[in-house]
Protein chains: 2
Amino acid sequence: MEIRALMNVLTNELPAVKLNPVMQPKILIADDHSMIRKGLKLHVQLTLGFTDIDEVATCNELMKELVKNKYTHLILDIILSDGNTLEVIPNIRRVYPDLNILVFSMQPAEIYGEAVKQYGINYYMSKAVGEEEMIQTLQKFIHNETPHKRTDIHHQDNPFKTLAPRELEILHYVLKGIGTKEISENLNLKMNTVSTIKTRIYEKTNAGNIKELIELATLYNVNY
Amino acid sequence: MEIRALMNVLTNELPAVKLNPVMQPKILIADDHSMIRKGLKLHVQLTLGFTDIDEVATCNELMKELVKNKYTHLILDIILSDGNTLEVIPNIRRVYPDLNILVFSMQPAEIYGEAVKQYGINYYMSKAVGEEEMIQTLQKFIHNETPHKRTDIHHQDNPFKTLAPRELEILHYVLKGIGTKEISENLNLKMNTVSTIKTRIYEKTNAGNIKELIELATLYNVNY
DNA sequence: ATTGTTTGTAGAATTAATTCTACTGTTATA
DNA sequence: TATAACAGTAGAATTAATTCTACAAACAAT
């Protein structure tokens, strides 16, 4: 391997950033795609200058690694191969209250960004963001020394909490994939009525379509 | 930025690979996630030593860039923000018959690997592969070696594997919760056509509604 | 070489679903 | 207590989506 290629990478490709000699962040990346892990790691190393970065691919490894080493920052995807990290986040939060967590997910920030706040997570970054914003976010995240005092979990921001009884009733059928006509027959309502209520459900939850509604419901553990 | 960090990256993290001084590959990466692009680029630069790499994020940019510069290798994801690259691949193949193409996708090889072969693409790499395999595949790709057959994957019962290219293309939109009308507009098809194809998708997968289809897709890791 | 099957595409007819409007109770709230 | 926001329900009009049929081209199997 040639140093020239390296310097090329360095000087031409990436903005130089001075490092802060005082801080010693220890970062753990949890993502099931090695390319994402690698890219993120190299990125943080080359652009932000922090080199103490480990990676894991599964929830299992994540928990083990957190026990083994004392990390200051955790960057993780929501979905790993062996499960949903949202399930383990409450535990992590309880055991490691000072750990800074950044969720780095495929999902758009508008929906999940707010949603994960319930779990006491203050940093959310979509994988779809551009490079500029990504670096900025990462920089803010890692340089932020003060552990985030999270305004205690409002269950008020659960969008499903605001649904009226009839709306929840119809939500139940909608989440099962049942169509407007069948729902109206089941509940002895006109299709118009069901449609109206569905519209209100979508308004209140800010879901754009069934797929998003199902995802949101999963996120908030709505089983109805 | 310190050279020590770089060397650390080099010597500790990545296997050294000798480069071939004769070849001068010019590589274009098309992916809508800047992290993937960056990671891939750095990876190829640092581990394989090829530094002539450009990146684009959309189908549009891709086509423009191919006109502007003469590339030898193209690495691309199937889904970009402004469309499905399966739509443009036939055109690319026709205009640039000598261009080596590697599809680098989230989808498991069993499903899209076959579909993509119909377009004369022999290199397919899932983003879920481990680092070793990724580097090996990239190396073979860039060095123009014949790709190895991966017959190790069985999954005979995967219902998505029987979907035709157009069906997979429409499946992509359906799984995102996009409606028939919008799909038809995106792909310049009549709504009837989209409906017909959706019907065939539901028949082949035995899904009864979108919810079931999404569940099935999740089960078989056909997310995008 | 022939025949059956899959794929990609729609037109016509029909059905499903939504939107816009509106009315009546009910429940907070100023 | 007056008043505004919300909840539950539809009619009329409109739009979205499906079904049924069909046909040509590509492909597979005999």
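Where does B:Asn188 lie? B:Asn188 is placed in the loop between α8 and α9 of chain B, where helices (H or I, at least four residues) and strands (E, at least two) are DSSP runs numbered from the N terminus. The structure is a predicted model, in which local features need pLDDT of at least 70, side-chain atom pairs count only at pLDDT 80 or more, and totals for chains, interfaces and linings use all residues. Residues are numbered from 1 along each chain as its sequence is written, while chains are lettered from A and ligands numbered from 1 in the order in which they are written.

Although B:Asn188 is not a glycine, its phi is positive, at about 55°. B:Asn188 counts as exposed, with 8 C-beta neighbours inside 10 Å. A residue is termed exposed if 12 or fewer other C-beta atoms, placed from the backbone, lie within 10 Å of its own, buried if 20 or more do, and partly exposed in between. In chain A, A:Asn188 is found in the loop between α8 and α9. A:Asn188, also not a glycine, has a positive phi of about 50° and is exposed, with 7 other C-beta atoms within 10 Å.

DNA strand C is surrounded by 19 residues, the closest being A:Gly179, A:Lys181, A:Ser195, B:Ala164 and B:Arg166; a residue is near a strand if its C-beta atom, placed from the backbone, lies within 6 Å of it. Two or more residues each come from α8 (180-186) and α9 (191-205) of chain A and from α7 (165-175) and α9 (191-205) of chain B. The most are given by α9(A), with 6 residues. The surface near DNA strand C comprises 5 nonpolar, 9 polar and 5 charged residues, with Ala, Val, Leu, Ile, Met, Phe, Trp, Tyr, Cys and Pro taken as nonpolar, Asp, Glu, Lys and Arg as charged, and the others, Gly among them, as polar.

Around DNA strand D there are 19 residues, of which A:Ala164, A:Arg166, B:Gly179, B:Lys181 and B:Ser195 are the closest. The largest contribution to this surface is that of α9(B), with 6 residues.

In chain B, the axes of α7(B) and α9(B) come within 10 Å and cross at roughly 95°; axes are lines fitted to C-alpha atoms, for helices over the stretch in contact, and angles run from 0 to 180 degrees between N-to-C directions. The two helices are therefore roughly perpendicular, a term covering angles of 65 to 115 degrees. The residues of their contact divide into 6 nonpolar, no polar and 4 charged, contact being defined by C-beta atoms, placed from the backbone, within 7 Å.

Methods. Angles under 35 degrees count as roughly parallel, over 145 as roughly antiparallel, 65 to 115 as roughly perpendicular and the rest as oblique.
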